[in-house]
Amino acid sequence: MSTTLERIRGFLAEQDPPTPCLVVDVDTVVDRYRALTAGFPGARVQYAVKANPEPAVLRALATAGAWFDVASPAEIDLCLAAGAPGERLSYGNTVKKPADIEHAHSAGVREYTCEADSDLDNIARLAPGAQVSVRLLVEAPASATPFGRKFGCSAEYAADLLVRAAELGLDPVGVSFHVGSQQLDPAAWDVAIGAAAKVFAATAGRGVTLRRLNVGGGLAVGYREPAPTTEAYAAAVTRAVRAHFPAAAPELVLEPGRAIVAEAGLIRSEVVLVSRKSHSDEHRWVYLDVGRYNGLAETENEAIAYRLEVVGRHSSDEGPVIIAGPTCDGDDVLYQRTPYRLPSSLRPGDRIDILAAGAYTASYSSVGFNGIPPLRTYCISEGRPTSAE
Ligand SMILES: *Cc1c(COP(=O)(O)O)cnc(C)c1O
């Protein structure tokens, strides 16, 4: 059995595509999906499309039986085109226009997440009878890329919305939350599941029985540091569900993005320039052909520190570097506080691989800042380009 890296590097050696590019090994995507469904038996696993909406990725997951968390009409259309039926799509974005709901309803989407009265009214009018979950604002420990206070509402507010959903003829199914992306602390779910249980109890007291608990995404992957295993996350979630729902466990929904695609992808980049700011500067500046605006958006605030591997033979002595992208923008510096070291023999034209780069890279790429095209993606399966590329 070849590894993800061997298959991707085999493809790169054979095709030598122009850099920068992202190569996604679709077989690894399916493996990760299967590992999560096995790790959380009985749970519905729905892939957060925004992490990587490549058609080949969506096709493979649809074939494997995955559900999809969609956030816009365009994501709905991508999933339908990939062969996923509308009934397996869940509209997780609480910020939507009436036209977005109309589009989703006509595509067969039955489940919507909401956190405000006006949106609930729109769902009742434009997707009558739909299943509705309410998103909770949870106090979770900081993750690498937290949502802050952007999404969700309090437990009291959520209970009111769900009772009103029932009054409007909708099907109030439960509660959702997100503990922040790249959440390295499995205990984060305990706080959120405790808050969700309060909502279940509050609505039950008012005659509305909830049945579904969406524990969101946030499962972390190993970049330079290892992340907790799927088993560790599953154990924490299971323990919290038992503790907070002692009578009967709700249906569980898991909504990972990063944990399904990150480790399936690698970005190959090229060194454009290596320089020092003065004769006495101990740091070299290394400028790559990929940066903040053409794939590495998650280096903002150095939130995600990718593992880098220099391709080919190099001297074993390494020195400290500051790593920057290719554009004429002062913010296009990837790492100046996070310590990185690269070989002293590094020269322009050398290749650097950015590992575990399948999530939140190509989908975050600008359309052409400074004339630089969006990050090109190649999908492979069994080491060969997938069809319809
Ligand atoms: C982005 C997002 C996810 C996926 O989060 P990951 O941290 O990539 O697992 C899941 N659910 C919702 C509602 C999201 O917005």
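Where does the ligand sit? The ligand sits in the largest pocket. A pocket is an open set of points on a 1 Å grid over the protein atoms alone, with protein on both sides within 12 Å along at least five of seven lines; a molecule sits in one if more than half of its atoms lie within 2 Å of its grid points.

This is a predicted model, in which local features need pLDDT of at least 70 and side-chain atom pairs count only at pLDDT 80 or more, while totals for chains, interfaces and linings use all residues. Residues are numbered from 1 along each chain as its sequence is written, and side-chain values use heavy atoms, with hydrogens and water left out.

**The ligand.** Next, show polar contacts (pairs of N or O atoms within 3.5 Å). From Ser181, a side-chain N or O atom is 2.4 Å from a ligand oxygen atom. Gly257 uses a backbone N or O atom, 2.9 Å from an oxygen atom of the ligand. In Asp69, a side-chain N or O atom is 3.5 Å from a ligand nitrogen atom. The protein buries 93% of the 390 Å² that the ligand exposes when taken alone (Shrake-Rupley areas, 1.4 Å probe).

Strands here are DSSP E runs of at least two residues, and helices are H or I runs of at least four, both numbered from the N terminus; two strands pair if DSSP finds at least two bridges between them. S3 (residues 67–70) and S4 (residues 89–91) run parallel, joined by three bridges. Now colour S2-S3-S4-S5-S6-S7-S8-S9: in that order, eight strands close into a barrel with parallel pairing. From one strand to the next the twist averages 30° (axes are lines fitted to C-alpha atoms, and angles run from 0 to 180 degrees between N-to-C directions).

**Strand S15.** Select Ile354. Ile354 in S15 is the bridge partner of Ile267 and also of Leu308. Four bridges link S10 (residues 265–275) to S15 (residues 351–354), running antiparallel. S12 is antiparallel to S15 too, with three bridges.

**Two loops.** Go to Pro20, in the loop between helix H1 (4–15) and strand S1 (21–25). The Thr19 to Pro20 peptide bond is cis, with omega near -5°. Finish at Glu302, in the loop between S11 (284–288) and S12 (308–310). Glu302 is not a glycine, yet has a positive phi of about 55°.

Key: A polar contact is a pair of N or O atoms within 3.5 Å; within protein, one must be able to donate a hydrogen and the other to accept it, and residues adjacent in sequence count only if both atoms are side-chain atoms. On a 1 Å grid over the protein atoms alone, a cavity is a set of points where a 1.4 Å probe fits but cannot get out, and a pocket is an open set with protein on both sides within 12 Å along at least five of seven lines; lining residues have an atom within 4 Å of a point.
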